[in-house]
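Please look at the sequence and the structure shown below. The paragraphs after them form a guided reading.

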Amino acid sequence: MSLEAFLCYNEGYSFVLYNNIIMKYKHSNLCIRCGKERVVKKTWKEKVDNSVIENVLMICPDGSCQKIVEMRIQKQKDKNDEIRERYEERAAQRKVEREKNRKSLKKS
């Protein structure tokens with residue numbers, strides 16, 4: 001017996017056909033801060049190789065809440081950038097020290 005499942009998206013709902021039983025699920029995209037249902041601000045399509053990707057930018061309907069969320073995201077992004085920069089600096093230092101060690105071993 002083979003199990004087959006088909007998934008279809010339509011206006012925020014997904015329909016799953018599983019063994020001839022249709023199950024309906026409501027998709028939700030809640031704000032991470034206030035819990036309100038997010039709304040679509042912008043949609044656009046990009047072509048990547050032979051595929052077309054549809055992007056959707058969703059925001060909180062409460063403008064002040066969205067500003068706070070964006071500030072939090074920017075703060076985390078800045079923190080991640082600082083960590084990445086420190087990692088790259090340490091990696092460059094390790095590379096220089098390895099080269100020094102190799103040269104000193106060749107001289108001995």
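What follows is an explanation of this structure, taken step by step.

The model is a predicted one. Its secondary structure comes to one helix and five strands. Along the sequence these elements follow the pattern β-β-β-β-β-α, and the helix, α1, covers residues 63-107. The protein has 108 residues, of which buried residues make up 8%.

A loop between two of the strands deserves attention. Strand β4 covers residues 39-48 and strand β5 covers residues 51-59, and D49 is found in the loop between them. Although D49 is not a glycine, it has a positive phi of about 55°. D49 counts as exposed, because its relative accessibility is 69% and the exposed class begins over 50%.

The cysteines may be considered next. In general, a disulfide is a covalent bond between the sulfur atoms of two cysteines. How many disulfides does the structure hold? The structure holds zero disulfides. For C34, the closest cysteine sulfur belongs to C60 and lies 3.6 Å from the sulfur of C34, which is too far for a bond, because the two sulfur atoms of a disulfide must be within 2.5 Å. The sulfur of C65 likewise has its closest cysteine sulfur, that of C31, at 3.6 Å, so this pair is too far apart for a bond. Is C65 buried or exposed? With a relative accessibility of 1%, C65 counts as buried, because buried means under 20%. C34, by contrast, is partly exposed, with a relative accessible area of 35%.

The charged side chains provide another subject. Side chains of opposite charge can pair when their charged atoms come close. The structure holds four salt bridges. One of them is formed by K36 and D62, whose closest N and O atoms are 3.9 Å apart. This pair links distant parts of the chain: K36 is in the loop between β3 (21-26) and β4, D62 is in the loop between β5 and α1, and the two are 26 residues apart. Both partners are partly exposed: K36 has a relative accessible area of 40%, and D62 has a relative accessibility of 27%.

Because D81 and K77 are four residues apart in helix α1, they are separated by about one helical turn. The side chain of D81 also meets that of R84 in a salt bridge, at 3.0 Å from N to O. D81 and R84 are three residues apart in helix α1, again about one turn of the helix. K77 counts as partly exposed at 44% relative accessibility, and R84 counts as partly exposed at 43%.

The reading ends with a group of like charges. Which residues form a positive surface patch? The patch is formed by R86, R90, R94, K95 and R98. One of these residues, R94, lies in helix α1. R94 counts as partly exposed, because its relative accessibility is 42%, and residues of a patch must have over 30% relative accessible area.

Conventions. Residues numbered from 1 in each chain as written. Predicted model: local features only at pLDDT ≥ 70, side-chain atom pairs only at ≥ 80, totals over all residues. Heavy atoms only, no water. Patch = residues over 30% accessible without salt bridge, like charges linked within 9 Å, V, L, I, M, F, W, Y side chains within 5 Å. Areas by Shrake-Rupley, 256 points an atom, 1.4 Å probe, with all protein chains shown as cover. Lys, Arg positive; Asp, Glu negative; His and termini not counted. Charge placed at Lys NZ, Arg CZ, Asp CG, Glu CD. Buried < 20%, exposed > 50% of the residue type's maximum accessible area, 1.4 Å probe, protein only.
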